[in-house]
Amino acid sequence: MEYETNNWIWDGVYNHPHVFGGLMLTAALLGLSTSYFGGIAVPQLPFLWSDSGIFHKKKSEKKRIRVYMDGCFDLMHYGHANALRQAKALGDELVVGVVSDEEIIANKGPPVLSMEERLALVSGLKWVDEVIASAPYEITEQFMNRLFSEHKIDYIIHGDDPCLLPDGTDAYALAKKAGRYKQIKRTEGVSSTDIVGRILSSLRETSHEDPCEESQSKSAHLSQFLPTSRRIVQFSNGKAPGPNARVVYIDGAFDLFHAGHVEILKSARQLGDFLLVGIHNDQTVREHRGKHPIMHLHERSLGVLGCRYVDEVIIGAPWEVTMDMITTFNISLVVRGTVSEYNSSFTGESDPYAVAKSMGIFQVLESPKDITTTSVSQRIIANHDAYLKRNARKTASEKKYYEQKKYVSGD
């Protein structure tokens, strides 16, 4: 809320000319009468103005800018989260359209995650204010007008990478023509295509393909993400728990951040005032799962930090929740879900939650969903041929983008 402090008198003159004229005439007469009668005290004119209520300072409310961004948001990753963070920075309220399964199939191929799962992921991001389900892949004139009239959208946002329809035309051409389009910078080093490639590569590692081909395939899908402290700060809430806050702690791999992760984090957050999440490093995940995570530690940490229910993360959290750790972070409750991919047969170590249990601050939460990283990967493997074809098209498109890309300021 802002107050207009300048020219309020002239606003009064403009809006109430007859009243203002009357006041001026009265002031003139009072001036004459006081000069004539000398000692009679008369209220000052400004006092009269303030009591009249006519020239009270006007209150004006700044219009909130609403921006819209759409996408498939299949295999949600920190690149999606960063795109939505950038979009939110261009306005005050962010509305996100999640493209329907049917539209994705028609334009890109089969999605890995269902509409329900993709909605849970998008709604769980800290920068999202509103979600439109089953949004169209193409911004048609009819849908654009609906965005402007029904949803009060001021600008439509997209990344600097091209988004083309099957006929080769720009999906955002109408928004650009209307002067209601803004562009953000694409996040380097990750894409859904890249993640699918990593999953397919992990499948080849367990098969009996030619060693040279396997090595080339694996190197082609190594993470290109370059973590910076600035990006971590951008994703962080930047707030510490208060002295009397109830701090809840949960740990895990959080690989291929999915709807199951969002729901268990939501349940954990409801048990306290501050949710602290421990992200195990790649080696710990390898030791307790029998295989390396698909996404490395910093990628997984950003995925978790983008969740609206998470207040802070420990990057590379220890496997065991020790007394020192509980004291350092003032942890009131340690929780874990019922769905986990950690296999106790890979290690002879003791219970990592033994200390918390002995203190009476450990609780098992019923996982709201039974989705796992492995189950998501298996969906891709089950449609191996379809995703190979889809990735071949997308890889060529991304290669062309990187060859032609230019620096875009701001991220």
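Start by selecting Glu-93 and Arg-64: their side chains form a salt bridge with an N to O distance of 2.8 Å. A salt bridge here is a side-chain nitrogen of Lys or Arg within 4 Å of a carboxyl oxygen of Asp or Glu. Glu-93 belongs to strand 4 (residues 93–99) and Arg-64 to the loop between strand 2 (59–60) and strand 3 (66–71), so the pair ties together parts that are 29 residues apart in sequence. Helices (H or I, at least four residues) and strands (E, at least two) are DSSP runs, numbered from the N terminus.

The model is predicted: local features need pLDDT of at least 70 and side-chain atom pairs count only at pLDDT 80 or more, while totals for chains, interfaces and linings use all residues. Residues are numbered from 1 along each chain as its sequence is written, and side-chain values use heavy atoms, with hydrogens and water left out.

Stay on Arg-64, which is partly exposed at a relative accessible area of 46%. The cut-offs are under 20% relative accessible area for buried, over 50% for exposed, and partly exposed in between (1.4 Å probe, protein chains only).

Next, select Glu-299 and Arg-198, whose side chains meet in a salt bridge of 2.9 Å, N to O. This pair links distant parts of the chain, with Glu-299 in helix 14 (residues 297–305) and Arg-198 in helix 9 (residues 192–205), 101 residues apart. Both Glu-299 and Arg-198 are buried. The structure holds 17 salt bridges.

Now go to Lys-176. Its salt bridge partner is Asp-170, with the closest N and O atoms 2.6 Å apart. Lys-176 is partly exposed at 40% relative accessibility, and Asp-170 is partly exposed at 28%. Show Tyr-181 as well: Lys-176 lies over its face, 4.9 Å from the ring centre. For a charge to sit over a ring, NZ of Lys or CZ of Arg must be within 6 Å of the ring centre and within 35 degrees of the ring normal.

Select Asp-160, in the loop between strand 6 (155–159) and helix 8 (173–177). Asp-160 is buried yet has no salt bridge, and the nearest side chain of opposite charge, Arg-186, is 6.2 Å away. Lys and Arg count as positive and Asp and Glu as negative; His and the chain ends are not counted. What does the side chain of Asp-160 have 2.9 Å from one of its polar atoms? The backbone nitrogen of Arg-186 is there.

Move to Asp-311, in the loop between helix 14 and strand 10. Asp-311 is buried, at 12% relative accessibility. Its side chain makes a polar contact of 3.0 Å with the side chain of Arg-269 (N or O atoms within 3.5 Å; within protein, one must be able to donate a hydrogen and the other to accept it, and residues adjacent in sequence count only if both atoms are side-chain atoms). The Asp-311 side chain also reaches the backbone nitrogen of Leu-275 at 2.7 Å.

Finish at Lys-357 and Phe-362: the charged end of Lys-357 sits over the ring of Phe-362, 5.0 Å from the ring centre.
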